[in-house]
Amino acid sequence: MLSLLTDLLWSKILIAVLIGIGIWFTLATRFVQFRYFGNMFGILTAKHHEADGKHLSSFQALILSVAGRVGGGNIAGVAVAITIGGPGAIFWMWVVGLMGMATSFVECMLAQTYKAAEKDGTFRGGPAFYIERGLGKNWKWLSVLYSILLLATFGIAFTTLQSYSVATSLEDAFGIQPYYSGIGMALIVGLIIFGGVKRIAQVAEVLVPVMAGGYLLIALIVLAMNLEAIPDTLLMIVKSAFGLEPAFGGGIGAAILMGVKRGLFSNEAGLGSAPNVAAVAYIPHPANQGIVQAFSVFIDTIVLCTCTALIILLGSAYDPSSTDTVQGVALTQASLATHMGDYGRMFVSIALLLFGFSTILYNYYLGENSVSYLTKSDNHGFYMNAFRVIIICLCCTGAILDLGTVFAFADLSMGLLALVNLFALALLFKVAKRVMTDFDDQRKQGKKMPTFEANRFVDLNLDQESWPNNEQPNNEKNYQ
């Protein structure tokens, strides 16, 4: 039953909805992901200090979302997409990624607009918040449904799956028994998550640039070793996407399906997961975080997924004419080994370990956000600590369990999560366009750092504590 529902959702409904929404948002925002593409790089050269002692900077929010987007999907997911859908699946991943940049811009901008201030001065936000505040109390049931799906998908299922991926990778590369890996992960994750979102962001701020930069460096070395073959490989990807390569003829449907499915799994644009992190940042205008998070999708899909695809397609381990080709992460490991020897296998295992570990921290925060939204009561602290204990237990058990059913459930719940969020985004798009237009108009007037004046949007039911007296961060150079 799970398989049947998942196939229906992914093979028909979500492909149409995801691509349709992406095209709509791209056209309606006048290609916002390309208009402000240059501004996306500004965040990498800014002074990345916090706005004050309580909040996360825009850069920290970017890094935390990259920690979640960049994971097993970039290594194992790309390999699965190529194995089942052929090289053409990568082209459709690009399409989903480029369109998804506009979707991510809209959802993360809305998350900032409707964020809510906590008692300790920090912020929370995300789809549950913009559904309730933006659509009104009559839609509270939809925000609750989204929170439950987010908790089940990321907080429970994806945390378990990441633990399994890390443990099996360590066993393959170093012979470490899975239960030892599970215990080790549980201890380290426990020390971090009990420190709250700031400690998670501090760990991610160090870990993510190292792991993403290291993986990109290895990919560049492989590309340099195969420079002459790159144009033909890229042409093969495009031709295969439309069934023009003889070896992949008749596989257009599989290429599109796997490209869309693995693309969404990797970059998460439209799932509503990244907005939970985007809302935490302290910034002068919601559109700033929309631009930054669109860049996060670009890093994940266009840069890192393409690196994995080229490592596989430029190597000799992948043979489309053979039924004995290794699959999943083993294909990426075998492909890198053809370029760099056995060190390549070891490197992929270490990369997967770091990617998986950072994703567990990200998944925990998404689950924490759901628990916070669902348990607004005097026992809030009790529920939060109980959830942290559950996460620690999942790190242990996920490493040693047979996760076939969990994989099937995660695919289904992820699809439902996307549908709920995309439905809400469609209803709230007029609001998003108003906020974006306010940002655009200030830029046209020559203002390098547009500011969000909440008194211009009194009809939107915004949280007054989140946008008091139109205050703005004092580190203005970060946004110029």
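Buried means under 20% relative accessible area, exposed over 50%, and partly exposed in between, with a 1.4 Å probe and protein chains only.

## Basis of the model

This is a predicted model, in which local features need pLDDT of at least 70 and side-chain atom pairs count only at pLDDT 80 or more, while totals for chains, interfaces and linings use all residues. Residues are numbered from 1 along each chain as its sequence is written, and side-chain values use heavy atoms, with hydrogens and water left out.

## Overall composition

The chain has 19 helices and two strands; these are DSSP runs numbered from the N terminus, helices being H or I of at least four residues and strands E of at least two. Of its 480 residues, 58% count as buried. The accessible surface is about 18,600 Å², with 64% belonging to carbon and sulfur atoms (Shrake-Rupley method, 1.4 Å probe; for residues, only the protein chains shown count as cover).

Contact means heavy atoms within 4.5 Å. Among contacts between residues at least 6 apart in sequence, 82% join residues at least 24 apart.

## Helix H1 against helix H6

The axes of H1 (residues 2-28) and H6 (residues 88-113) cross at roughly 70° and come within 8 Å. Axes here are lines fitted to C-alpha atoms, for helices over the stretch in contact, and angles run from 0 to 180 degrees between N-to-C directions. H1 is therefore roughly perpendicular to H6 (65 to 115 degrees; under 35 counts as roughly parallel, over 145 as roughly antiparallel, and the rest as oblique).

On the H1 side, Ile21, Gly22, Ile23, Phe25 and Thr26 meet Met99, Ala102, Thr103 and Val106 of H6. By class, this contact has six nonpolar, three polar and no charged residues. Nonpolar covers Ala, Val, Leu, Ile, Met, Phe, Trp, Tyr, Cys and Pro; charged covers Asp, Glu, Lys and Arg; the others, Gly among them, are polar.

## Helix H11 against helix H14

H11 (residues 230-241) and H14 (residues 286-314) pack at about 105°, their axes 11 Å apart, and are therefore roughly perpendicular to each other. Ile230, Thr233, Leu234, Met236 and Ile237 of H11 make the contact with Leu310, Leu313 and Leu314 of H14. The residues involved comprise seven nonpolar, one polar and no charged.

## Helix H19 and the segment after it

Helix H19 (residues 429-444) has 16 residues, which at 1.5 Å a residue should span 22 Å, and its end C-alpha atoms are 22 Å apart, in agreement; the expected span is 1.5 Å times one less than the number of residues. Buried positions in H19 include Phe429, Ala432, Val435, Met436 and Phe439, together with Asp438, Asp440 and Gln442.

Val431, also in H19, is buried at a relative accessible area of 13%. Beyond its neighbours within four places in sequence, Val431 is in contact with Leu110, Tyr114 and Leu460. Its C-alpha atom is separated by 9.8 Å from that of Val106, 325 residues away along the chain. Just after H19, Gly446 has a positive phi of about 90°. Asn461, in the segment after H19, takes a positive phi of about 60° although it is not a glycine, and counts as partly exposed at 44% relative accessibility.

## Two loop residues

Arg30 is in the loop between H1 and helix H2 (32-35). Although not a glycine, Arg30 has a positive phi of about 55°, and its relative accessibility of 42% makes it partly exposed.

Glu118 lies in the loop between strand S1 (116-117) and strand S2 (123-124) and is partly exposed at 26%. Glu118 and Ser466 are 348 residues apart in sequence, yet 9.0 Å apart in space, C-alpha to C-alpha.
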